Amino acid sequence: MPTKFNNHSKAKSLNIFGDAEKASVHTAKLIAELILEQQKKGKPSVLGLATGNTPKMVYQELIRLHQNESLSFHNVISFNLDEYYPIGPEHIRSYTYFMREYLFKHIDIKPENIYIPHAVCSPDRIEDYCRDYEDRITNFGGLDLQLLGIGRNGHIGFNEPGSSFDSTTRLINLHSLTRKDAQADFGTIDNVPRQAISIGIHTITQAKKILLLALGEKKSEIISKALKGEISTDVPASILQKIPQVEYILDRDAAALIQD
Ligand code: PGA
């Protein structure tokens with residue numbers, strides 16, 4: 001059973017699990033429950049999905065539920081949080097590629113229901129492109145659930161420190177720590193893109209349910225700042241302290257600095 005802290009911190013709902021796998025399985029279960037609930041009502045589920053190391057085990061578990069427990073994604077609409085700019089969807093480090101490999105090719109989601117900010121449009125079209133991405137989310141009635149990781153600088157999506165809490169989908173300059181953390185994937189720091197398209201903080205906080213998953217000791221410091229520190233654009237995830245529909249899902253290592 002997870003440790004629950006609903007009254008001892010500013011967090012609306014904070015669940016701490018013994019290890020990353022348990023935290024990930026719990027996260028996948030919440031996503032699956034939403035999908036099933038919506039299916040019962042005859043409605044689609046609009047999911048905001050994330051990339052990076054953090055959600056990999058969540059996706060593994062969703063694939064398992066699809067393969068072994070007949071969870072269907074036929075009426076799931078998915079919007080990814082972000083994508084590097086300017087790399088195309090076929091690039092092996094693109095998030096389009098990531099989502100295909102780690103989730104989409106293993107499940108029955110319809111290709112036409114998958115939205116990822118394809119970062120191939122020319123700089124003069126970016127603003128229109130971002131507005132269109134935002135409008136598409138709105139036209140589906142907004143996100144039913146947003147899955148988030150957290151960067152070591154507190155970013156959610158690629159909303160880097162300094163991002164306005166009112167921000168919507170836009171082109172962003174990546175923070176040096178974000179680029180450093182991506183270096184292992186790209187080989188050298190010079191290969192790491194300097195920009196990305198990301199949905200905004202406003203877009204995220206409008207989701208009907210938000211799951212922030214953080215795993216491992218290297219997230220413990222930023223988790224402490226994001227959950228217990230001042231609400232400030234210096235730590236973008238800190239805005240979630242004000243959002244009632246957030247559930248923080250942590251493993252014991254990520255929670256190391258917030259447990260009394
Ligand atoms: P990670 O990245 O899951 O690879 O740690 C999380 C993030 O930057 O949001």
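**The ligand and its pocket**

In this predicted model, the shell of residues around the ligand consists of 6 polar, 1 charged and 1 nonpolar residue.

Me: Which residue of the shell around the ligand is the 1 charged one, and which is the 1 nonpolar one?
Reply: The residues that surround the ligand are Gly52, Asn53, Thr54, Gly149, Ile150, Gly151, His155 and Lys219.

Me: How far from an oxygen atom of the ligand is an N or O atom in the side chain of Thr54?
Reply: A pair of N or O atoms counts as a polar contact within 3.5 Å. His155 places a polar side-chain atom 2.6 Å from a ligand oxygen, and for an N or O atom in the side chain of Lys219 the distance to an oxygen atom of the ligand is likewise 2.6 Å. For the side chain of Thr54, the corresponding distance is 2.4 Å.

Me: How much of the area that the ligand exposes when taken alone does the protein bury?
Reply: Taken alone, the ligand exposes 280 Å². Of that area, the part buried by the protein is 77%.

Me: Where does the ligand sit, and what is the volume of that place?
Reply: The ligand sits in the largest pocket, which is lined by 36 residues, with Thr51, Gly52, Asn53, Tyr95 and Asp185 the closest to its centre. This lining divides into 16 nonpolar, 11 polar and 9 charged residues. The volume of the largest pocket is about 920 Å³.

Me: Which element gives the most residues to the lining of the largest pocket?
Reply: At least two lining residues come from each of strand E5 (82–85), helix H3 (95–102) and helix H5 (176–186). The most are given by one of these helices, which supplies 6 residues, and that helix is H5.

Me: Which residues does a cis peptide bond join?
Reply: Most peptide bonds are trans. The loop between E5 and H3 holds Pro86, and the bond in question has an omega of about 0 degrees. This cis bond joins Tyr85 and Pro86.

Me: Which residue has a positive phi although it is not a glycine?
Reply: Most residues other than glycine have a negative phi. In the loop between helix H2 (56–69) and strand E4 (76–80), a residue with a phi of about 50 degrees is found, and that residue is Ser70.

Key
Residues are numbered from 1 along each chain as its sequence is written. This is a predicted model: local features need pLDDT of at least 70, side-chain atom pairs count only at pLDDT 80 or more; totals for chains, interfaces and linings use all residues. Side-chain values use heavy atoms; hydrogens and water are left out. A residue is near a molecule or strand if one of its heavy atoms lies within 4 Å of it. A polar contact is a pair of N or O atoms within 3.5 Å; within protein, one must be able to donate a hydrogen and the other to accept it, and residues adjacent in sequence count only if both atoms are side-chain atoms. Accessible areas come from the Shrake-Rupley method with a 1.4 Å probe; for residues, only the protein chains shown count as cover. On a 1 Å grid over the protein atoms alone, a cavity is a set of points where a 1.4 Å probe fits but cannot get out, and a pocket is an open set with protein on both sides within 12 Å along at least five of seven lines; lining residues have an atom within 4 Å of a point. A molecule sits in a cavity or pocket if more than half of its atoms lie within 2 Å of its grid points. Ala, Val, Leu, Ile, Met, Phe, Trp, Tyr, Cys and Pro count as nonpolar, Asp, Glu, Lys and Arg as charged, and the others, Gly among them, as polar. Grid points are joined across faces, edges and corners, and a volume is the space filled by probe spheres set on the points. Helices (H or I, at least four residues) and strands (E, at least two) are DSSP runs, numbered from the N terminus.
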